[in-house]
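Thanks for coming, everyone. Let's take a quick look at how some pieces of this protein pack and pair.

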Amino acid sequence: MDHPTEDEDSQDLRLARSLVQEAKILHDFVGLVKEANGEVDVVEFRKIQTIIEKYQEQCQLLEPHLEAIISPLMETLQNRVAEAGTVEAVDLSVVKKLCSVIHTLITVCGYKTVVKFFPHQACDLEVTVTLLERCHQEVTVSSVLKEESTGDWETKCTLLLWLSILVLIPFDMASVDTALVDCSEIHAGSTVPPLVQRIIKVCKEYLQSPGPVREMSGVLLSRLLTRPDMRHALRDFIDWSNEALSTTLDESIKIFLVPGVVGVLAAIFKVGGRDMLLDTTIPVWQVASHLATSSAASRSPLLRKLLIKLMQRVSLMHLPPRIATWRYTQRSGSLALNLASPTSKTESRTEIGMDLKDTQSHDEVEIPEEELDVPEIVEEVIGQLLTGLRDKDTVVRWSAAKGVGLVTGRLTLTLADEVVGSVLELFQPTEGDGAWHGSCLALAELARRGLLLPSRLSTVVPVIIKALHYDVRKGPHSVGSHVRDAAAYVCWAFARAYSSTLMKNHFQKLAPALLTIACYDREVNCRRAAAAAFQEGVGRQGDFEHGIDIVNAADYFSLGIRSHAYCAVAVYIAQFEEYRPSLIDELLNVKISHWDKGLRELAAESLNLLVKYDVSYFAGHVLDTLIPRTLSADLCERHGATLAVAAVIRALHELNFKLSADKERVVAGIVPAIEKARLYRGKGGEIMRAAVCVLIECTANLRVLLPPKVEKVLHDSVDENLKHPNSDIQACAVAALKAFIAGYLLPASAPAIARTTSKYLQILKNDPNPAAQRGAALALGALPYDLLHPSWKEVMDALCAAIRLKGNPADDDAETRVNAVRGLTSVSETMCYAEFEHVFIPGETSARPLIVVRDQLMKVLFHALDDYAVDNRGDVGSWVREAAMEGIERCSYLLCRIQTPRGKVVKAETPRRKVVNIEEPTTGSEIMREGCLLTDAMGLQVIGGLTKQAVEKIDRVRDAAGSTLQRILLNSHVPEDWIPHKQELKEIVSDDSTLNWAAPAVSFPRLVKLLKFSEYRPFLLSGLVIAVGGLADSLGKVSGGALIDYLTKECSHMGADSSEDVSPSLDWLALELGHVLSGYAGVDRGVIPTLKTIDILFVRGVFSASQPLSEQTAGNLLSLVRHELKGCRDVAKLLVGTSILSHFASLEGAVRKQSTEQLLNLLFHRYPKVRRFCAEQLYLLLLQMGEQLVGENVDEALEVIGETCWDGPLDDINAERDQLYGLFQVEPPPRQPLVPSKSKNSRLVVRSEDENESYSSLVDAAGY
């Protein structure tokens, strides 16, 4: 016995692992089905179908297991039919379940793969036909919905596919038809067996179905009618098809029949032999050509594709199968000749012809060109195929391209060359993108088949290079990505089809074009296609300069991100002189003026990175080309040119290159020329403003000499852009202002300094335009020390005032506050760094920047952390809080004397700078450290404020707060004793910089541990309640779960640690929640979530009898809850407050009586929804502990509450009101009498007794 080898074992093991655990599930299911003979629950079948459907994109993983799955299922199907005796007795429900699984495999793996595993015994043929007829008849009398819901069409598809393999039996169909033996009545003169007639009849009906049964019917008919014994049936079917196609051209009711019939004919002409079908081609061609010009074809891409397939196969019937001896091939088709002369490449047509002649099959004959007669129908078909290359749908063009390749392969050299010429004629500027795309596909097919001769390459390659750059602007976008993709496919085909000696010169032209597309194309599929073509050329041709290095750099993944392709891959390739000119020209002539704004910006950035390779070329030719285009009438061109000029001169400045005086003068005149041409106005003015600001910044950095008039124009332009409402323009203007001041205003005279600073101060204080205030705040932050020093304290005061909320929504601009926070932080850094470096000179006031930062600015920033302003955009205060967190971090480093030369935060390895001590009085716990002005109270507030923001509801804010908190705690320059429990906090936040603080599952379980430190509890809980009791259900579950888990798992261990002030009874938690509730008093944004959090803690058993609260703590918390409910008209607050009162009523002591009294009062609230909810809570409370509340009157109280309609009118429940007060032994509150009041016209107004008398009363009564 032969044992499997080790390689076979490893291969079987790899195949077994292809489905991992699911392979066993599938095999167990098949075994279960086989054992139960198909009687398995439909749920199991659905489960298996779901598993199989997951492999839609990786169907090859299923292929090793197909036989083990399909064969038992089909065997079970055969057994069910055999056991039933007759088809009519077969249980169709089992058949449908089996066929549903098989059809799922057909959908995932394809019918050609699955059908190979079907049984093909001749005895199954007639039974399967009968079973199909039964299924067909059942569906016919039922509804369409039933067919979709019971799996009937899956069964029909499977049976049709099974028949397609059964009809290939090597016996005459009449020999297996029992009707010819048993039935005495046979139609006289009929040569088609009844069994075949039944199959054809059913399939004809399925051809007008819109579902997949139409395709399976076509497969079955194509295999059945092309049998040698089915000539009469084939002729009858073609006659029926021609009649059906001729009579249904304009009948919309049979819209599905036409594609079905055409598809069957195309399949027949693909499978059938020439001797059977040649006589039928003329009528089929006439109907097909007429149908191609009909309105039905113009509306249906599917029909046009099928017609193209049919036409090309009809023409092939008129062209005998032959080997085109003239076609090109790289090497001999004979293996013996290749082995005999491995180094020689047979390229001569004579040798190729000899080789092919030796290896051609018996079906293919070589016919001399002069003896080949090409019928007229072939020319007409070629015309239709060339027309199909222009079609508007890709599937039609692709089918036409394949047809061109197939037909051309059977033509003579002269005719084939004419076809190639006709294809090349489609590459005209007047043709649409469809023609270019179809022509590229056709050329690729011709090249792959060796039908595009090398003599044509000199004509084809320039056309393909044009196609690689095809991009036609249409409105706000462009078309052409599919053309470029197809052109890359042509280059890929060239690399595979032709030898390196032929393609060497051509690839020297194609390679730069391919790399240009691979680096700079807008679409990722085009970049990857071009890179694949280049890689194929490197691998097969081997003559590419630096090919291996480029292939390694420009791979599939590196080109996936556009910015990386522009700024990394292209820069790497540009180091090679062979490809650099094409890359620069592409940016300069195409991408700089592209319609996509983002692409223009990327092109400018890429140009900046390429300057280092040829500085003189960029300083000369490139700038001379770009500068005139900055005044172009086309917005895209002038915007891109402006950005490109800025990028080039910025790179020249970084490379210490000095422009000539004439070139500097031209560069300096760009901005005045743009303003003179009024290019800021109209469409595109905003993007031009931003581009001009970038240009001014780069001009200032380069220190271009400016006349005073031009200098004023540039300064005014920057100031004007600072007032623009677009934040991106303001950011560019601030950067330009900073560079402009450093380049042209310093050193400045005292009047100039005062004039510049006071201008922005006045705008910030007095300008009613919010956009101008935003820009002024940013401008003040960008001013250098020389301009700030005379009035730095006034600047800080103005920025502090701009940060504070004014109480009037019309005057409170969120963006102004954000920019003021950023500006204030920048001003603080500028002044403090000057003090660090002993540059600061005290003015009239004795205040020093560091002291002002500590005593004033930090308080303002802490106040900004409480900015929760809301407008129609949502929580706009979150923008201010984010900016404040950044400002707090930077100012904290200032107070710790942490500085770098550029004003950035130093790393842990950088030593701290020592500066002179500043004498300031300290009080209480504000102990001054050597060289550090931070205090304990301030440190606690910094960490506490960040902690609060890190546990709130907005992901973006949590991420910023968590990252900031982590940086501060891990900074070794921050004093250890400034932050309470710093070491423990560092362990909690971790030093993992990849933590996603925005994810609730990451941040909440970590930060909730801070509850063990009493100093941080108020901060943490004030933010945590917003998340736990907020509207976001998913966030509430995660945050609430983290809180509950911590309290239940950790609190038992807290009480044993004397260093942690925690009581096992959780009184500390109730006290802290009371403080949070009182802190949010009157602010429903915080009160309602806090009440919900308290309710959750009661529901989850945190505040329970096992961990009772002290009577004083519970009473204080209850008083705060009752205070919030007093006079409340918010239904949500009233409902959650009612729930909390019911929890307090379950506790012992005075709180029970107080909460019960409040519940009874709420039972007679004006809102019906509140009354009904309160009654429900009281009812549940009585069921739980009725005797403690009402003694022996539990049943009576339950009856009163349960039988009273509490959401009815208040007047109807007065009796029940008095009865319940008596049962609970609570003194009822005095009733409010109807007091008449005088109106302005001195008439008495009596309160209406009907609460629904007015619309407002109706709304109030509804509880909204």
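A salt bridge here is a side-chain nitrogen of Lys or Arg within 4 Å of a carboxyl oxygen of Asp or Glu. Keep in mind that this is a predicted model. By that rule, the structure holds 48 salt bridges. I'll pick out a few.

Start with Arg456 and Asp417. They form a salt bridge, and their closest N and O atoms are 3.0 Å apart. Where do Arg456 and Asp417 lie? Arg456 is in the loop between H24 and helix H25, residues 457-468, while Asp417 is in helix H23, residues 413-424. So the pair ties together parts that are 39 residues apart in sequence. Asp417 is partly exposed, at 34% relative accessible area.

Next, Lys658 and Glu664. This is another salt bridge, with the closest N and O atoms 3.0 Å apart. Look at the two ends. Lys658 is exposed, with a relative accessible area of 56%. Glu664 counts as buried, at 5% relative accessibility.

Now go to H24 itself. Helix H24 covers residues 433-448, and helix H26 covers residues 481-497. Their axes come within 9 Å and cross at roughly 10°. That makes H24 roughly parallel to H26, because angles under 35 degrees count that way. The crossing is left-handed. Who makes the contact? From H24, the residues include Asp433, Trp436, His437, Cys440 and Leu441. Across from them in H26 are, among others, His482, Val483, Ala486, Tyr489 and Phe494. By class, this contact has 13 nonpolar, 2 polar and 3 charged residues.

H45 runs over residues 849-864 and H46 over residues 877-895. Their axes come within 9 Å too, and they cross at roughly 155°. Are H45 and H46 roughly parallel or antiparallel to each other? Roughly antiparallel, since the angle is over 145 degrees. This crossing is left-handed as well. On the H45 side, the contact residues include Leu850, Val853, Arg854, Met858 and Phe862. On the H46 side, they include Val880, Arg881, Gly887, Ile888 and Leu895. The class count is 12 nonpolar, 2 polar and 2 charged residues.

Stay in that region for one more pair. The side chains of Asp867 and Arg817 meet in a salt bridge, 2.7 Å from N to O. Asp867 sits in the loop between H45 and H46, and Arg817 sits in helix H44, residues 814-836. The pair therefore ties together parts that are 50 residues apart in sequence. Buried or exposed: which applies to Asp867? Asp867 counts as buried, at 3% relative accessibility. Arg817 is buried too, with a relative accessible area of 2%.

Salt bridges can also join up. Arg774, Asp813, Glu815, Asp871 and Arg873 are linked in a network of them.

Last stop: Thr1156. You'll find Thr1156 in helix H57, residues 1150-1162. At 5% relative accessibility, Thr1156 counts as buried. What does Thr1156 contact, leaving aside its neighbours within four places in sequence? The partners are Ala1145, Leu1189 and Phe1224.

To recap the helix pairs: H24 and H26 are roughly parallel, and H45 and H46 are roughly antiparallel. I'll stop there.

How values were computed
Residues numbered from 1 in each chain as written. Predicted model: local features only at pLDDT ≥ 70, side-chain atom pairs only at ≥ 80, totals over all residues. Heavy atoms only, no water. Axes fitted to C-alpha atoms, helices over the stretch in contact; angles between N-to-C directions. Helix = DSSP H or I, 4+ residues; strand = E, 2+ residues; numbered from the N terminus. Parallel < 35°, antiparallel > 145°, perpendicular 65-115°, else oblique. Left-handed = near helix turned anticlockwise from the far one by under 90°. Contact = heavy atoms within 4.5 Å. Nonpolar A, V, L, I, M, F, W, Y, C, P; charged D, E, K, R; others polar. Buried < 20%, exposed > 50% of the residue type's maximum accessible area, 1.4 Å probe, protein only.
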